[in-house]
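Thank you all for coming; I would like to walk you through one structure this morning. Please have the sequence and the coordinates open while I talk.

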Amino acid sequence: MQSTLSLSFSPSSSAAAVSRSPTTRFSLNTPTPLNLRFCGLRPQALAFTASGNRRSSQLPSRPRSQAVSAALSANGSPPKSFDYDLLIIGAGVGGHGAALHAVEKGLKTAIVEGDVVGGTCVNRGCVPSKALLAVAGRMRELQNDHHLKSLGLQVSAAGYDRQGVADHAINLASKIRNNLTNSMKALGVDILTGVGTILGPQKVQIGSSDKIVTAKDIIIATGSVPFVPKGIEVDGKTVITSDHALKLEFVPDWIAIVGSGYIGLEFSDVYTALGSEVTFVEALDQLMPGFDPEIGKLAQRVLINPRNIDYHTGVFASKITPARDGKPVTIELIDAKTKEPKDTLEVDAALIATGRAPFTQGLGLENIDVVTQRGFVPVDERMRVIDAKGKLVPNLYCIGDANGKMMLAHAASAQGISVVEQVTGRDHVLNHLSVPAACFTHPEISMVGLTEPQAREKGEKEGFEVSVAKTSFKANTKALAENEGEGLAKLIYRPDNGEILGVHIFGLHAADLIHEASNAIALGTRIQDIKLAVHAHPTLSEVLDELFKSAKVKAQASIPVSEPVPV
Amino acid sequence: MASSPSPFNSNTSTLSFSSSISSSSLFPCRRTFILPIPRRRSTSFTVQSKIREIFMPALSSTMTEGKIVSWIKSEGDTLSKGESVVVVESDKADMDVETFYDGILAAIVVPDGETAPVGAPIALLAETEEEVAEAKAKAANSSQSQSSAPPPQPANPAPAISQPSPPPPPPPSSAAVSDGPKKIVATPQAKKLAKQHKVDLASLAGTGSFGRITPADVEAAAGIAPSKSSPAPAAPAPAPASSAPPKAAAAGAVAPPPIPGSSVVAFTTMQSAVSKNMMESLSVPTFRVGYPVITDALDAFYEKVKPKGVTMTAILAKAAAVALVQHPVVNASCKDGKNFAYNSNINIAVAAALNGGLITPVLQDADKLDLYLLSQKWKELLNKARAKQLQPNEYNSGTFTLSNLGMFGVDRFDAILPPGQGAIMAVGASKPTVEADASGFFKVKNKMLVNVTADHRIIYGADLAAFLQTFSKIIENPDSLTL
């Protein structure tokens, strides 16, 4: 169970973790006369269900219909005609990203959703958790007299209304969900409601009805659900997962959080800001596994030690019983290695944040001879599904949490875009080391690429030198203006050729700062070149500017001299 | 804006100055700290073997325990004064800790990766080879007692004697886990407070739900005012202890109940700084010497130079500075309790009341500038202070402070020594006083009382008396000030 935690670089992943909230993008795409669209198939979205002839109902709203046919013929699709060029099972952030890109590429696209549009991220993950964390951040500011005073501010006792906070999270989720739905409708993506089951190659059944659709290519994007280890009884009231916690139905005086990855860490930030005391239960020997050790250590000093938090490491929660009959929640702890009983905790609530398990049930994988591995759909580096015999299943792809490569919403979206690139004739392999990740505590943590130990191991194996550069937020004017000088940015790189291997940031707005580094990795930009780029002063981005400048690279800048431009 | 040169391209390591708010660095950078190795009590009687215990140092004011990151030296290594011995991780940072005794690292009591409370022995230092074995035996004993029952109270030596601050804490709640036969349920914050205030959780009866020990229980046991009410949503304020609760527990100061109708106004930054400085001053042993100064000549002199823009403040500052030239010890300070720090400049800080605040603009090199320049300088400083534009070196570089309440008619008063300085002079009003001279004639003379508070670690009574005598002579012959 908890072994899944340690598995990958971003184990406990997406629920709370994913950084790119799709808000802006969707709202920008939202067209004005939404209600006039005829394409929606969701009864709850529109007062009537579009019947039979889907194609004709779409035509008026689809400016690209010609492009579609052009693409169809250009693709040299087999004589057999398909209902769609691309069918995506699962309308989470991954499926949505793929659908938007598919439309842009001229594919006739449908998306199947058995639950609610938006998936985990929008409904039960990153999005509502950002609402709670926004509240937590403000509460922290208002409660930090010392900090306020140093800015010359005086605020009397800050308080909060639980239901008001909960409503903010719910409203945000529904707003983003509508934006997401509308953006797909506006582009002419068909939303098919029901559980999608693969019946055979290029054939999917929607719901329990006998509605069967065919598509040239199919993407599985069914995502994940909270993982609950055995022995733990989730009652949704006092023993909860992130799904329940995000509704914030109560704020316990004392809550145990099982798992100290992204999800656990973010919830500890929320709960302590709202006045709870927190006890972490972590199976590994240290908190925050998966983070660069140096960043983890610093984060512990800032995010754990000074707060109302204690922790037990190297222990499993072998049995958790919800509060009942006037007794508190009890948590039995056993040693992670010896399995001997260690302790019993009595708390008011327990949040299970031990990671996420792929949701692939009912997908009909057996019909195409695909066997999941610990629930994950096996794929190659191009997200092509691999069957039980180790062969690629033609025209079938799997992206996002369901393949377990990198359980982050934006990674799923990037994988989906990569698949669309491939099916439209351009080979593409996503560099997962260029996918950033962020944890939205106060202050935030963000990272891209390798950690220092990973980089050193790789360097040893491949015979290159690894160097580390660091800068502090204490040197940054903007951070000091905010009185938020706590923070560190760390660059792991190759001094011989200037390649960026990893960047880790802990500090104010770290999640927004990481992208300069992740873009550089994605585009192959070297330090000797990016260090010549200009940053506005005074901004937090100068933390990275200084970071790149402090690296000692032997190679010379490779960008050609540009033509002088009159200013 | 964009064209302004960015002032921070230097290395991180040099940038610690920029953190003006939190004095404690949160970065895992290493700083150096000197190991406190207390004098053994026995050495003062008979010189037996010299085995010193190396204690877990208190690296920050909030540190209750430290983790040994790594021993730089290993058992058997010869140490010389000033060498780094061990890297200790506190709640704030990793620091290299060095010794200031020569010797042989005989035994490491707390190995790498383990944690010890502040003040607990972490290693033994022997002076000679012969004592190494003895030290090892001792270490074996103490580690035994530590493993059976962790109380770090060292058996034989009495470290508390020479140790000013951290007495060994009570039986530990070793890790974050409360263990032991009797089940103690205490909330995370309660455990933290218990550790901080040295409250034994086993001795408490919990009043929280399910009988658990709450932070309030611990605070009650420690005799301090509850720092917060339990944070109920919608209720006033959940105030998690992002800042440590008041530490004045020792004084047993139970805050009196507020008088009805009273209001609480938070300190401004300046007031906080004053408060902090005043509290710090309590750690310095001070004494006071008063001196009457006849001011008839001064008053006449002042009348003469006043039209030229000279102020009384400038005259007094100049007089003090000239006197300090002859008595450098009064211009010195004691930073660490071990050394005289003689200042090469004579910078006279002058206390000035600002609306709701107090600041001490500094007349730098007051002995070298002439009276007119000093007066001009003082006016500039006052204007800047009112506009809150004083640069740090214009208010914190003082080596001696002058405080004058004479203009209010105060005849004498007593000043508190500001941290980092050796002495402060409190000047009262000059008043006509009947004086009898040696021949028995009465005269009416203007007399002003000055009272100097000084740090007795470096400035003794005779020093101050001699300084005041010089000062008095200068005031009685003020014409020399224009030279």
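Let me begin with a question: does C334(B) count as buried or exposed, and at what relative accessibility? C334(B) counts as buried because its relative accessibility is 9%, where buried means under 20% relative accessible area, exposed over 50%, and partly exposed in between, with a 1.4 Å probe and protein chains only. C126(A) is likewise buried, at 2% relative accessibility. Taking a disulfide as a pair of cysteine sulfur atoms within 2.5 Å, the count over all chains is zero.

Residues are numbered from 1 along each chain as written, chains are lettered from A and ligands numbered from 1 in written order, and side-chain values use heavy atoms, without hydrogens and water.

Turning to chain A, its mean pLDDT (the predictor's confidence in each residue, from 0 to 100) is 86, and 86% of its residues reach 70 or more. Over residues 1–79 of chain A, however, pLDDT stays under 50, although the model has 149 contacts there beyond four places in sequence, a contact being heavy atoms within 4.5 Å. Where pLDDT is low, the predicted coordinates should not be read in detail. Of the 567 residues of chain A, 60% count as buried, and among its contacts with a separation of 6 or more, 66% join residues 24 or more positions apart.

Conventions:
This is a predicted model: local features need pLDDT of at least 70, side-chain atom pairs count only at pLDDT 80 or more; totals for chains, interfaces and linings use all residues.
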